Amino acid sequence: MKINEIPERLSAIRQFMEENSLDAFIVPSTDAHLSEYPPKHWESRKWISGFTGSAGTAVVTKKKAGVWTDSRYFLQAADELKDTGFELFKMGQPDTPDMTDWIIDQTGKGGTVGIDGLVYAASEAKALKTKLEAKGIRLETSLDPFAAIWLDRPEIPKNKIFTLPDTITGESAKDKIKRINAELKKIDADGILIVTLDAVAWTFNLRGNDVDYNPVAVAYAYVSEKETVLFIDPEKLTDEVAHSYKKHGIKIADYGDVFEYVSHLPENNSVCITGSKINYQLLHTIPSSCKIIDIPSPVD
């Protein structure tokens, strides 16, 4: 990544912010599944700032830009952010401002802060919204500047998945789903949304290579007594895997169909989620007539 490209990228995101009346935009390190290590498609913080560490958050305002990261990355970040237009904020240091407080100072009353609700944990977005609104600042959650400005953005991976036999996992996907439903019954939940990639991989005994050094595949799932749906790009499944899931009563739907499906969950359904492990956009797709049970995931 050429350092001199970063100022150009900063200009591009500021142009996007101008067009969408945003005073600041926050770029976390995560993807739509709140992964610590995202597929390249979601490496937006790395792309916009040039900082390649696995943890950190970038913020761009009209005149300033910064990256907040922890002590593991102070030396690396200082080196990578040099001459980019991004300032390094060392988390945990006495003279480092809290990120949200800094954003409030930069934005001012009546301003608007943007995030992409697809890659922001629901619990964090809610806390941010509360803090901003207390200062008269609006949070806009529906914009993804990288869809517009990252011209050679990698696609969401289409790598084939494979499944592990019961002799290795010790339990079939069908039995795991049965156990999940038994746990849901105890909390009076009708179904559970599984968002994190490790939990999806465990539930369905699937493995993939969509993320470097992590044996996971990009997918969502909904598990209930009535039906279990795995939301995954069908191209990722071999005929053998598709047949085996069908045999276990697991329905396959396209990856992007999860939002349509969730928006049509039956009225008065109780849906189990974990606020820190579901993205803001998906949580707010659940119909208001449904009851949300926000607890640590029974799958975990």
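**Entry 1: largest pocket**

I looked up the lining of the largest pocket and found 30 residues, with P28, T57, M99, Y120 and E124 nearest its centre. This is a predicted model: local features need pLDDT of at least 70, side-chain atom pairs count only at pLDDT 80 or more, and totals for chains, interfaces and linings use all residues. Numbering runs from 1 along each chain as its sequence is written, and side-chain values use heavy atoms, with hydrogens and water left out.

I noted the pocket criterion: on a 1 Å grid over the protein atoms alone, an open set of points where a 1.4 Å probe fits, with protein on both sides within 12 Å along at least five of seven lines; lining residues have an atom within 4 Å of a point. The volume of the largest pocket is about 630 Å³, taken as the space filled by probe spheres set on the points, which are joined across faces, edges and corners.

Which elements each supply at least two residues of the lining? I found β3 (65-69), α4 (99-107) and α5 (122-133). Helices (H or I, at least four residues) and strands (E, at least two) are DSSP runs, numbered from the N terminus. The largest share, five residues, comes from α5.

By class I got twelve nonpolar, 13 polar and five charged residues. Ala, Val, Leu, Ile, Met, Phe, Trp, Tyr, Cys and Pro count as nonpolar, Asp, Glu, Lys and Arg as charged, and the others, Gly among them, as polar.

**Entry 2: second largest pocket**

I read a volume of about 410 Å³ here. The lining has 25 residues; P38, K40, E43, K46 and D212 lie nearest the centre. I sorted the lining into nine nonpolar, eight polar and eight charged residues.

**Entry 3: helix α8**

I checked the span of α8 (residues 173-186). At 1.5 Å a residue, its 14 residues should span 20 Å, and the end C-alpha atoms are 20 Å apart, which agrees. The expected span is 1.5 Å times one less than the number of residues.

Next I listed burial (buried is under 20% relative accessible area, exposed over 50%, partly exposed in between; 1.4 Å probe, protein chains only). A173, K176, I177, I180, N181 and L184 are buried. Seen down the axis of α8, the buried residues fall within an arc of 140 degrees, so they line one face. The arc is that of the directions from the helix axis to the C-beta atoms. On the other side, K178, K185 and K186 are exposed. D188 follows α8, with a positive phi near 55 degrees.

**Entry 4: N205**

I located N205 in the loop between α9 (197-203) and β9 (206-207). Buried or exposed? N205 counts as buried, at 3% relative accessibility. Leaving aside neighbours within four places in sequence, its contacts (heavy atoms within 4.5 Å) include F162, L164, D166, A173 and K176.
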